Amino acid sequence: MLIRSRRHFKIPFDQTSFAIQVVTKDGRTSQVSQPWLALWQLADGDDLEDYILSSEWNIFTDVQLADKGVTAIVRRAFAGESLQIPPFLYDAAQLGSFGRARWVSGYAHPIFDEAGSVQEVMLMYEDVGERIRSTSTTGLIEQRYRSLIQGTGQLVWTTSAEGAVEEDSETWRDFTGQTYEEWRSYGWLNVIHPDDQQKTFKLWADSITNRYMYEAVYRLQRLDGEYRWNIGRAVPVLNDDGSIREWVGINFDVHALKTSQSQTMGVCS
């Protein structure tokens, strides 16, 4: 029945977008799909394919797979579990292939016989290199951004598309003394001077409604109780379809400038 089923699914086996490798209980590979060959830049009959399909290679003794935790996942699949394989880097060159190392992830599914016993495990891989590289680049940019902000000493914060605070801000907490629970949603208004609250909230609400850059000048209470003049600015971050994903804001302490201007106006008058 197992052999007959395999023949029946031969066409979809080769046409699926996943690179499939079927391994037996003793760790040998019984077959691979055409997308599997393409993943490792191979053609039918290449030395690497012959090696993987021979008794010389065994999934349970592959050092790379053991180090990446894949071997343990395969053993659990042979115990009857269907599991996801997290992204890992595999270098086929260590097996004598000229193909480059690739980031892959996928699934391990047990193949049962009519009696309900696991006879083989189907490994389904996909190339996730572009995703990993994109994530790594994004992470690097974010790290640089955070380092820059920490160096400038400004207050940085984000809100949802609707304008409510959902994520914590270490710089906001350090300046105002508010905890995350105190400043989330619209709790940040509580540390704005009472005389400035209504005007500031209206400017913020108008920006959310009309999707334009937010800017407001107001007095913000520092953790020692002193009110400091700030300029708060925020811009919308858009999704690919043009919808707003979030707002990113920053506060600049302009207390010295504002105080100096007030004193100058007082002298001139």
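Author: Let's start with Tyr125. Leaving aside its neighbours within four places in sequence, Tyr125 is in contact (heavy atoms within 4.5 Å) with Phe18, Ala19, Gln21, Leu39, Val70, Ile85, Phe88, Val104, Ser105 and Gly106.

Before we go on, a word on the ground rules. This is a predicted model, where local features need pLDDT of at least 70 and side-chain atom pairs count only at pLDDT 80 or more, while totals for chains, interfaces and linings use all residues. Residues are numbered from 1 along each chain as its sequence is written, and side-chain values use heavy atoms, with hydrogens and water left out.

Back to Tyr125: it is one of the residues with the most contacts inside the largest nonpolar core, along with Ile59, Ile85, Phe88, Val121 and Leu123. That core has 29 residues. A nonpolar core here is a set of buried Ala, Val, Leu, Ile, Met, Phe, Trp, Tyr and Cys residues joined through side-chain atoms within 4.5 Å; buried means under 20% relative accessible area, exposed over 50%, and partly exposed in between, with a 1.4 Å probe and protein chains only. At least two core residues each come from E1, helix H3 (34-39), helix H4 (47-53), H6, E3, E4 and E5. H6 gives the largest share, 5 residues. Those labels are DSSP runs numbered from the N terminus: helices are H or I with at least four residues, strands are E with at least two.

Now for the sheet around there. Its 5 strands form an open sheet in the order E2-E1-E5-E4-E3, with antiparallel pairing; two strands pair if DSSP finds at least two bridges between them. Strand E2 (29-32) and strand E3 (83-90) each have a single partner strand, so one side of each has no neighbour in the sheet. On average, neighbouring strands are turned by 25° against each other, direction ignored. E3 is joined to strand E4 (residues 102-112) by 6 bridges, and the two run antiparallel. Along that pair, Tyr90 stands opposite Arg102 in E4. Helix H6 (residues 70-78) lies across strand E1 (19-24), E3, E4 and strand E5 (118-127), at about 140° to E5. For such angles, axes are lines fitted to C-alpha atoms, for helices over the stretch in contact, and values run from 0 to 180 degrees between N-to-C directions.

There's a second sheet to find, too. This open sheet has 4 strands in the order E6-E9-E8-E7, again with antiparallel pairing. Its edge strands, pairing on one side only, are strand E6 (155-160) and strand E7 (214-221). The twist from one strand to the next averages 30°. Helix H10 (residues 194-210) packs on this sheet, touching E6, E7, E8 and strand E9 (244-253), and its direction makes about 155° with that of E7. Look for Ser160 in strand E6: it counts as buried because its relative accessibility is 7%.

Finally, how far can you trust the picture? pLDDT is the predictor's confidence in each residue, from 0 to 100. Its mean over the chain is 82, and 79% of the residues reach 70 or more. Over residues 1-9, though, pLDDT stays under 50. Where pLDDT is low, the predicted coordinates should not be read in detail.
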